[in-house]
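Please keep the sequence and the structure in view while reading.

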Amino acid sequence: MSTKHHDPAILAEADAWRSRDLAVLWHPCTQMREHPHTLPLLPVARGDGAWLIGPDGRRTLDAVSSWWVNLFGHAEPRIAGAIARQAYTLEQVILAGCSHMPAVELAERLLALAPRQSGRAPLAKVFYADNGSAGVEVALKMAFQWFANRGDEPRRTKFVALENGYHGETVGALSVGDIPLYRRVYAPLLMEAVFAPSPDAYLAADGRSAAEHAEDAADALARILDEHAGEICALVLEPRVQCAGGMRMHDPVYLKRVRELCDVHGVFLIADEIAVGFGRTGTMFACEQAGVMPDLMCLSKGLTGGFLPLAAVLATQAIYDGFLDDSRERAFLHSHSYTGNPLACAAALATLDIFEADDVLARNRRTAARMAELAAPLAAHPHVADVRQAGMIVAFELSDGGRKSTPFDAARRVGLRAYTHALERGVLLRPLGDILYWMPPYCIDDDQLDLLADVTGSAIEAATA
Ligand SMILES: *Cc1c(COP(=O)(O)O)cnc(C)c1O
């Protein structure tokens, strides 16, 4: 490893970088007052595989896939090359009235890969947007307008979402999210959603299994759907893992029950696979683990391998048909300037090529097994309440004495201390509160996993001491 970062000239350069940044940038999801004293700012000059590399040559392991977007490592040459070739060919074209082959081909391939369910017509159409939140907005608006177009009276105007769920930051997406830290201040602006209890296995009462807890949550959902019969357009959820909600995981039986309940009530099922899609939980899409198919599926984040912003909303033919009419007003008039950007589509196509060429899901199964071995000893730490895993996601829930009932006082900033400790040791963890997690790029190798496990162990020790 480079020792260049001890060179005073290079240290001064990194400091100058930080000052320039803080003079002009307002960073996302950040209390800016914490920079730079409580929260160090990591300058990143380039990326290489799972490494982020500073101006001083110092390497930091990107254990969070740069906010869950990166799949195969930074600066992956096949994706970079595909973007460059596309940029010299067609960088962007209006997608209303025009067509370009990267958008067509990507739609064909996504539909071919999408979850299927016997007895149901498959997902058949793709609508593009340019980030995850916008994709969620698209799905919500489609569900709402489908019923409006059909002329249901009284109108269906509500959505059901899950407690502790997360679907993005724009006002519509935030309305179906249930994370107080992000939501509370904007509550007066938000549309009204109905929240159903989370199937989150961590919440299971003593002696109840994850599957039993999921069944209980489904029973509660059934009551909610009865109570609001005829009012609900759609139910939106993150299948298998509520990621922003703390990497909380649930038994797939919940998704089976939800599919049945949505059918009984004529409610659309929107699967937000923005974080869990593209192999993150072990299967290409998380819905596959329950053998169910949603009516609308939102994809983003890993869709482009983490190179460019793009979202895709996959819809059934029945939903699409509900917008065909002589009236333009019945059309889905939603649009973003960069809808279906060819560069982003080219990155996504290269991403799908890599899934095939490298047999990524098989490799991930081996990596996930190694992650499980390395995580197991950490479960014994006295302040670890839970260690859980879904494929390439592992989470460590810290609490005082390792009891679920005694979370650490938020003022102790346990997660933040773990963050700074790990960063000093060359690992970028970004805990969600007091929940540490691993969600690394799929290219992570055994040495990097060893480093990750070592540093996580010492970060837990240091933060909870
Ligand atoms: C990140 C995320 C979103 C929002 O995507 P952005 O591109 O950040 O707007 C929506 N849903 C889930 C489940 C996410 O994890």
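## Trp67 and Arg430

Leaving out residues up to four places away in sequence, Trp67 touches Pro28, Cys29, Lys301 and Arg430, where contact means heavy atoms within 4.5 Å. The model is predicted, with pLDDT of at least 70 needed for local features and 80 or more for side-chain atom pairs, while totals for chains, interfaces and linings use all residues. Residues are numbered from 1 along each chain as its sequence is written, and side-chain values use heavy atoms, without hydrogens and water.

Trp67 is partly exposed, with a relative accessible area of 39%, and Arg430 is likewise partly exposed at 30% (buried is under 20% relative accessible area, exposed over 50%, partly exposed in between, with a 1.4 Å probe and protein chains only). The side chain of Arg430 reaches the backbone oxygen of Cys29 at 3.3 Å.

## Annotated positions

In an unreviewed entry, UniProt lists Trp67, Tyr166, Lys301, Ser335 and Arg430 under "binding site"; positions follow the numbering used here, feature names are shortened, and annotations may be inferred rather than shown by experiment. These residues span 364 residues in sequence, and the farthest two C-alpha atoms are 33.2 Å apart, so they do not all gather at one spot.

## Aromatic pairs

The structure holds 12 aromatic pairs (ring centres of Phe, Tyr or Trp, the last by its six-membered ring, within 6.5 Å; planes under 30 degrees apart are stacked, over 60 edge-to-face, the rest tilted). The rings of Phe127 and Phe332 have centres 5.1 Å apart and planes at 75°, so this pair is edge-to-face, and both residues are buried.

Terms used:
A polar contact is a pair of N or O atoms within 3.5 Å; within protein, one must be able to donate a hydrogen and the other to accept it, and residues adjacent in sequence count only if both atoms are side-chain atoms.
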